[in-house]
Amino acid sequence: MRSAGSSRTFAPFCLLFALSHVARCRTVHMTEIRATCETCGDLQLGVDDLTLRLCVDTAVGEFHFTCAECSKVTAQSVSGPTFDLLQAAGVSCDEWNLPQELFEQRSGPRITHDDLLEFHGALNDDESFAAAMDSLIRES
Ligand SMILES: [Zn+2]
């Protein structure tokens with residue numbers, strides 16, 4: 001519902017998530033965000049009840065919240081315009097980066113199942129493990 005002047009209405013963006021309206025409460029704007037818990041159904045949340053997460057490397061965003069009724073965590077990807085709208089409404093945002101290991105140059109043959117079995121065996125064999133550790137120490 002849209003009322004003249006003090007409140008704004010945003011159209012729903014998806015089934016699980018919608019920013020329902022901004023209502024004026026005295027001099028403070030209170031933002032209510034409608035989200036859906038898979039177990040409990042539709043919920044009304046404040047900006048402090050959910051958090052945005054943005055992967056800086058891929059620019060993919062999501063929001064997540066913990067349901068006050070069942071304590072289940074719900075996470076949902078969110079499109080750029082919706083992300084921006086939530087951030088502008090005051091929802092906090094955590095930024096993160098992909099692990100640096102994803103950008104490492106790799107060389108050598110791929111690790112095989114046999115390599116893993118051999119490694120597992122070496123971990124359970126004290127003499128092999130000690131020999132491997134000695135080898136690593138000598139190389140460094
Ligand atoms: Zn719930």
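**Strands, a helix and a core**

Colleague: What share of the contacts with a separation of 6 or more comes from residues 24 or more positions apart?

Modeller: In this chain, 41%. Two residues are in contact if their C-beta atoms, placed from the backbone, lie within 7 Å. The model is predicted: local features need pLDDT of at least 70, side-chain atom pairs count only at pLDDT 80 or more, and totals for chains, interfaces and linings use all residues. Residues are numbered from 1 along each chain as its sequence is written.

Colleague: Why is α2 called hardly covered?

Modeller: A residue is buried if 20 or more other C-beta atoms lie within 10 Å of its own, exposed if 12 or fewer, and partly exposed in between. In α2, the count of buried residues is zero. Over the 140 residues of the chain, 11% count as buried.

Colleague: Why is Cys 67 called partly exposed?

Modeller: Cys 67 has 19 other C-beta atoms within 10 Å. That falls between the limits of 12 and 20, so the label is partly exposed. Cys 67 lies in the loop between β6 and β7. Its contacts, not counting residues up to four places away in sequence, include Cys 37, Cys 40 and Lys 72.

Colleague: How do you know that β5 and β6 pair?

Modeller: Two strands pair if DSSP finds at least two bridges between them. β5 and β6 have six bridges, in the antiparallel sense, so they pair.

Colleague: What about β5 and β8, parallel or antiparallel?

Modeller: Parallel, over five bridges. Cys 55 stands opposite Trp 96 in β8.

Colleague: Which strands stand at the edges of the sheet, and why?

Modeller: The open sheet has four strands in the order β7-β6-β5-β8, with mixed pairing. β7 (73-78) and β8 (92-96) each have a single partner strand, so one side of each is left without a neighbour in the sheet. The twist averages 25° from one strand to the next. Helix α1 (residues 80-89) packs on the sheet, touching β5, β6, β7 and β8, and its direction makes about 130° with that of β5. Axes are lines fitted to C-alpha atoms, for helices over the stretch in contact, and angles run from 0 to 180 degrees between N-to-C directions.

Colleague: What makes up the largest nonpolar core?

Modeller: Eight residues: Ile 33, Ala 35, Leu 50, Phe 63, Val 78, Phe 83, Leu 86 and Val 91. β3 (28-37) and α1 each give two or more residues to this core. A core is a set of buried Ala, Val, Leu, Ile, Met, Phe, Trp, Tyr and Cys residues joined through C-beta atoms within 7 Å. Phe 83 touches Leu 52, Gly 61 and Val 78, not counting residues up to four places away in sequence.
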